[in-house]
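Student: I am new to this structure and would like to go through it step by step. Could we begin with the helices and then turn to the open space and the backbone?

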Amino acid sequence: MKALIKIGGALLDSAAVREDLARQIASIAGLGWRITVVHGGGKQITRFLEQRGIKSSFVRGLRVTTAETIDAVLKVLAGSVNTQLAASLAVAGLKPVGLTGIDSGVATAEQLDPELGFVGKVVSSDSGLLETLTAAGYLPVVACVAGGKHGEVFNVNGDSMAVAVASGWKVDRLVFLTDVPGVLDADKRILPSLTSAECDGFIEAGVATGGMQAKLSAATSAVKNGVREVRIVNGSHPNVLPEVFRGARIGTRIMHEAEVGAAL
């Protein structure tokens with residue numbers, strides 16, 4: 001069984017949280033799951049730029065990425081954030097391998113919008129390296145940086161990166177570790193399960209907006225591309241990963257219409 005765990009950068013800003021999540025990932029790997037981790041780091045990039053007097057700007061929730069900004073993305077996201085997470089995973093007893101999407105074509109992208117600069121949309125994902133590493137007992141840790149067909153380096157939205165890699169690697173489960181407890185309805189109640197059609201309906205009705213709209217769009221894309229199950233959960237929930245992988249009803253589960261009834 002294969003799983004991809006996407007960790008938001010805000011969770012990785014705390015050493016204690018990072019170490020706890022590493023321990024949880026190790027417990028899942030101990031159950032026999034082959035795991036790849038995809039991580040963000042937007043908060044850390046913003047802080048790095050601010051310290052150098054560079055103001056971050058966003059369009060439709062995406063960071064405008066100039067040549068100067070992409071250099072910061074590489075130093076922070078593919079550098080310090082990736083290395084710190086890999087170090088925590090190693091202490092937890094795993095064998096992490098720090099990567100970006102550029103390595104062996106894990107994620108190839110093209111420019112999303114000239115207005116955004118070096119922001120990319122993943123157009124293909126070669127899972128060969130992930131398959132080789134996980135089969136040998138290693139744990140790939142992938143920063144959200146992708147390569148272009150002409151040598152470009154692109155900053156990629158973490159959720160989009162996770163979906164592209166999960167779809168290409170054909171995972172059984174994709175888990176988004178976020179700072180929210182799950183998908184909420186109009187009355188702010190957690191929805192335990194959704195179909196991809198219901199996700200589309202929530203977006204069209206305006207119930208899901210902003211970051212959650214992006215999460216639902218990503219989750220819907222994943223299940224339509226063959227990922228069997230997507231979970232959106234609060235990464236700060238105690239022991240969240242072992243509970244999710246034991247089948248606990250935490251957060252929101254998103255599956256194909258035909259599979260939801262059978263799973264409940």
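Student: At what angle do helix H1 and helix H3 pack?

Tutor: Keep in mind that this is a predicted model. Helix H1 covers residues 15-29 and helix H3 covers residues 67-91, and their axes lie 8 Å apart. The angle at which H1 and H3 pack is about 50°.

Student: Which word describes the way H1 lies to H3, and which residues of H3 make the contact?

Tutor: Angles under 35 degrees count as roughly parallel and 65 to 115 as roughly perpendicular, so the angle of about 50° makes H1 oblique to H3. H1 also passes H3 in a right-handed crossing. On the side of H1 the contact is made by Arg 18, Glu 19, Ala 22 and Ile 25, and on the side of H3 by Gln 84, Leu 85, Ser 88 and Leu 89.

Student: Which element supplies the largest share of the lining of the largest pocket?

Tutor: About 1,400 Å³ of space lies in the largest pocket, and of the 46 residues that line this pocket, the closest to its centre are Lys 6, Leu 62, Asn 157, Gly 158 and Asp 159. Several elements each supply at least two residues of the lining, among them helix H2 (42-51), strand E7 (120-124), helix H5 (158-169) and helix H7 (210-224). The largest share, eight residues, comes from H7.

Student: How many charged residues does the lining of the largest pocket have?

Tutor: The lining can be sorted by class into nonpolar, polar and charged residues. There are 19 nonpolar and 19 polar residues, while the charged residues number eight.

Student: Where is Ser 104 placed, and what is the phi of Asn 239?

Tutor: Most residues other than glycine have a negative phi. Ser 104, in the loop between strand E5 (96-100) and strand E6 (108-111), has a phi near 55°, a positive value in a residue other than glycine. Asn 239 is placed in the loop between strand E13 (229-234) and helix H8 (240-245), and the phi of Asn 239 is also positive, near 55°.

How values were computed:
Residues are numbered from 1 along each chain as its sequence is written. This is a predicted model: local features need pLDDT of at least 70, side-chain atom pairs count only at pLDDT 80 or more; totals for chains, interfaces and linings use all residues. Side-chain values use heavy atoms; hydrogens and water are left out. Axes are lines fitted to C-alpha atoms, for helices over the stretch in contact, and angles run from 0 to 180 degrees between N-to-C directions. Helices (H or I, at least four residues) and strands (E, at least two) are DSSP runs, numbered from the N terminus. Angles under 35 degrees count as roughly parallel, over 145 as roughly antiparallel, 65 to 115 as roughly perpendicular and the rest as oblique. A crossing is left-handed if the near helix is turned anticlockwise from the far one by less than a right angle, and right-handed if clockwise. Contact means heavy atoms within 4.5 Å. On a 1 Å grid over the protein atoms alone, a cavity is a set of points where a 1.4 Å probe fits but cannot get out, and a pocket is an open set with protein on both sides within 12 Å along at least five of seven lines; lining residues have an atom within 4 Å of a point. Grid points are joined across faces, edges and corners, and a volume is the space filled by probe spheres set on the points. Ala, Val, Leu, Ile, Met, Phe, Trp, Tyr, Cys and Pro count as nonpolar, Asp, Glu, Lys and Arg as charged, and the others, Gly among them, as polar.
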